[in-house]
Amino acid sequence: MGLKDYGVLKCHAIAGKMELDDDTPHYQVHAKDGKFNYRLAINVRSVQQPYDLLYLIDSNFEHYITEKLIKLDFGFNKIEVSQRQAGGIALDYIRGNLFKVTEMKALPYSVPGENNDLNEFIDSYIQRAIETKADIYVFGEPWGPEDKPDKIFGFKPGRGVHDIHMNQGSSGRFTKDNGVYQDGALLIHYKSSPQEYWVAAFFAFQSQSFHTDDKTGNPIDQNVGAEPEIPDTPVVKPQVKIIAALLNPSGEDFGKESITLINPSPKKVDLTGWAIVNQLKQKASLDGFKIEPGGVVKVPLSGKDVQFSNKGGTISLLNQEGIKVDGVSYTKKDTQEEGWTTVF
């Protein structure tokens, strides 16, 4: 089924509160969009074992999606099911090349001491957002308005956003919420510092699988932490990585773009059947290319099948079974100067 009313709330935070004694603790944020009050309920502990959440906080987040988010109006922006696809603003941890899911780490929600648990990490960024009046973008599922005061902050009517975490790869009673391009996250745009920047926080449960069906978001297997893929095929250890791309060649782009791959493995890799895919799912075959152990190959692109947008995008590498072996993203800034190769 997936999330019915998935979307993104653009708002400002005015208070943050750590929950330490609840059976299902959340980090709670009181937020406003200029019209309504909201409570942002960010899970910091699972209701089932293993209890510690997986998280990744990118303190210098760069992705083409930020250009789209800036243009949104304050308030909740619903993303219709028909809009939950590659190239839009909907998030997908596995397919969107937002970050490397293998870099997520498990962390308890509460640990004695300072600045060493998930609650405190989130709180430090929220307090900074409050002080600097940063713009906050919260992806998830809304609730309310309720005919009663909010149970944490007391404003009325109660309303808010939850499911601010990966919303695919779940099993059991949570399977009903699975879907693609409907993952939750917290993005903060700090604008008042000497140099504006973005912070992105991503959360997932250890019980979720990062190997999911490309249409339903249901788990294909339970190899949590395995390298993500696109279709229904087994997980394999990555052999080849994307290290650079010529995104905006000098002069006419058509037929001059290229991508550079490295084979870090001790075995020769035949790229027959492999492909390069962009955020629009345009695909270019890598038939005929081979990479020696530790070798690097530059693959010219004809422009007939795949073109890189100068407004930012993603590049994914699929092997002969269609599995996503590696993926990167780039921004509009990476394409501004002609002829320069972007290194990932």
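**Figure 1. Strand β4 and its pairing with β10.** Strands β4 and β10 (residues 197-204) run antiparallel and are joined by 5 bridges. Ile57 stands opposite Ala201 in β10. The model shown here and in the other views is predicted.

**Figure 2. Strand β4 and its pairing with β6.** β4 covers residues 53-58. Its pairing with β6 is antiparallel, over 3 bridges. Here Tyr55 faces a lysine: Lys105 in β6 stands opposite Tyr55. In a regular strand, side chains alternate between the two faces of the sheet.

**Figure 3. The salt bridge between Arg39 and Asp150.** Side chains of opposite charge can pair when their charged atoms come close. In this pair, the closest N and O atoms of Arg39 and Asp150 are 2.6 Å apart. The model's salt bridges come to 11.

**Figure 4. Arg95, Asp92 and their network.** Arg95 and Asp92 meet through their side chains in a salt bridge of 3.2 Å, N to O. Arg95 is buried, and Asp92 is buried too. The pair belongs to a network of salt bridges that links Asp92, Arg95, Asp214 and Lys281.

**Figure 5. The salt bridge between Asp326 and Lys100.** The closest N and O atoms of Asp326 and Lys100 are 2.3 Å apart.

**Figure 6. A positive surface patch of lysines.** Lys68, Lys71, Lys311 and Lys332 form a positive surface patch. Lys71 is found in the loop between α1 (65-70) and β5 (75-78). Is Lys71 buried or exposed? Lys71 counts as exposed because its relative accessibility is 71%, and the cut-off for exposed is over 50%.

How values were computed
Residues numbered from 1 in each chain as written. Predicted model: local features only at pLDDT ≥ 70, side-chain atom pairs only at ≥ 80, totals over all residues. Heavy atoms only, no water. Patch = residues over 30% accessible without salt bridge, like charges linked within 9 Å, V, L, I, M, F, W, Y side chains within 5 Å. Areas by Shrake-Rupley, 256 points an atom, 1.4 Å probe, with all protein chains shown as cover. Salt bridge = Lys/Arg side-chain N within 4 Å of Asp/Glu carboxyl O. Lys, Arg positive; Asp, Glu negative; His and termini not counted. Charge placed at Lys NZ, Arg CZ, Asp CG, Glu CD. Helix = DSSP H or I, 4+ residues; strand = E, 2+ residues; numbered from the N terminus. Buried < 20%, exposed > 50% of the residue type's maximum accessible area, 1.4 Å probe, protein only. Pairing = 2+ DSSP bridges.
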